[in-house]
Amino acid sequence: MAGYKTIGGANIDILSSKRAVIALGANLGDAQATLRDAMAAVQEISGLRLVRASRLYRSEPAHLEGQPEFVNAVMLVELDAGLDPYVLLAQLQAVERRFGRLRHEHWGPRTLDLDIIDIEGVRSDDELLRLPHLYALQRDFVVTPLQEVAPGYLFADGRRLKADDVVYGKVIGVESGEPDVRA
Ligand code: AMP
């Protein structure tokens with residue numbers, strides 16, 4: 001019998017493993033090194049396995065101008081059925097803190113930002129954890145790397161990944177080399 005749990009008013013199946021997408025961004029310090037090390041740290045989260053990591057992309061700051069360019073990437077992962085989305089969020093926030101996240105303004109510079117973009121079959125309107133992520137399809141720095149690892153990705157709310165809706169955070173380059181996730 002399927003096991004269900006309520007999150008943000010929706011019933012979710014807690015017995016099957018799920019695909020999920022995590023986005024990473026940084027624009028202070030050695031942002032490339034931070035992203036590579038953060039990818040390794042994310043893979044240490046219990047119940048999470050990497051399916052594919054994107055290359056590192058350089059992007060224009062979204063929302064707030066006059067700050068350094070960002071380095072961004074996404075990870076396509078598989079989550080064990082028992083990994084609660086809020087526990088995953090807390091683990092990602094712990095990784096952010098580990099990398100000494102500094103942030104003084106909303107949308108301003110930060111050493112590391114980790115967002116859950118989507119979890120298969122999970123929709124949530126809770127402001128602590130909105131799924132799919134509110135701005136995912138508007139951000140080129142999410143859409144472009146996600147096209148690389150999962151072309152035409154289907155979100156939990158039925159939307160399909162496409163470049164047309166992009167408004168912010170234009171990708172301006174790719175860092176050379178294959179993904180180095182230092183697992
Ligand atoms: P920011 O670091 O500026 O992207 O926002 C962090 C805040 O967004 C935290 O308080 C989270 O609880 C909240 N949040 C809501 N939805 C999400 C999501 N899908 N992924 C990560 N943080 C989220």
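Colleague: Which residues of helix 3 are buried?

Modeller: First, the term: a residue is buried if 20 or more other C-beta atoms lie within 10 Å of its own, exposed if 12 or fewer, and partly exposed in between, with C-beta atoms placed from the backbone. In helix 3, the buried ones are D140, F141, V142, V143, T144, P145 and L146. That makes seven of the ten residues in 140-149, so helix 3 is largely enclosed by the rest of the structure. Keep in mind that this is a predicted model: local features need pLDDT of at least 70, side-chain atom pairs count only at pLDDT 80 or more, and totals for chains, interfaces and linings use all residues. Residues are numbered from 1 along each chain as its sequence is written.

Colleague: And what do the buried residues of helix 3 pack against?

Modeller: Contact is a distance test: two residues are in contact if their C-beta atoms, placed from the backbone, lie within 7 Å. Here the partners are strand 3 (18-26), strand 5 (57-59), strand 6 (70-79), strand 7 (113-119) and strand 10 (171-174).

Colleague: How many helices and strands are there?

Modeller: Helices (H or I, at least four residues) and strands (E, at least two) are DSSP runs, numbered from the N terminus. This protein has three helices and ten strands, in the order β-β-β-α-β-β-β-α-β-β-β-α-β.

Colleague: Which residues of the largest nonpolar core touch the most other members?

Modeller: In general, nonpolar side chains tend to be buried together in soluble globular proteins. A nonpolar core is a set of buried Ala, Val, Leu, Ile, Met, Phe, Trp, Tyr and Cys residues joined through C-beta atoms within 7 Å. The largest one has 42 residues, and I22, L35 and V74 touch the most other members. Strand 3, helix 1 (31-43), strand 6, helix 2, strand 7 and helix 3 each give two or more residues to this core. Strand 6 provides the largest share, eight residues. Setting aside neighbours within four places in sequence, I22 is in contact with V42, V74, M75, V77, L92, L114, I116 and I117.

Colleague: Which residues are around the ligand?

Modeller: A residue is near a molecule if its C-beta atom, placed from the backbone, lies within 6 Å of it. Around the ligand we get L89, D113, D115, I116, L128, L129, R130, L131 and H133. Strand 7 and strand 9 (129-131) each supply at least two residues of this shell.

Colleague: Now the loops. Is T111 exposed, partly exposed or buried?

Modeller: T111 is partly exposed, with 18 other C-beta atoms within 10 Å. T111 sits in the loop between helix 2 (85-98) and strand 7. In sequence T111 and A31 are 80 residues apart, yet their C-alpha atoms are 7.1 Å apart in space.

Colleague: Where is confidence lowest, and where is it highest?

Modeller: pLDDT is the predictor's confidence in each residue, from 0 to 100. Where pLDDT is low, the predicted coordinates should not be read in detail. The protein averages 86, and 81% of the residues score at least 70. Strand 2 (residues 10-13) is lowest, with a mean of 60, while strand 4 (residues 48-53) is highest, at 97.
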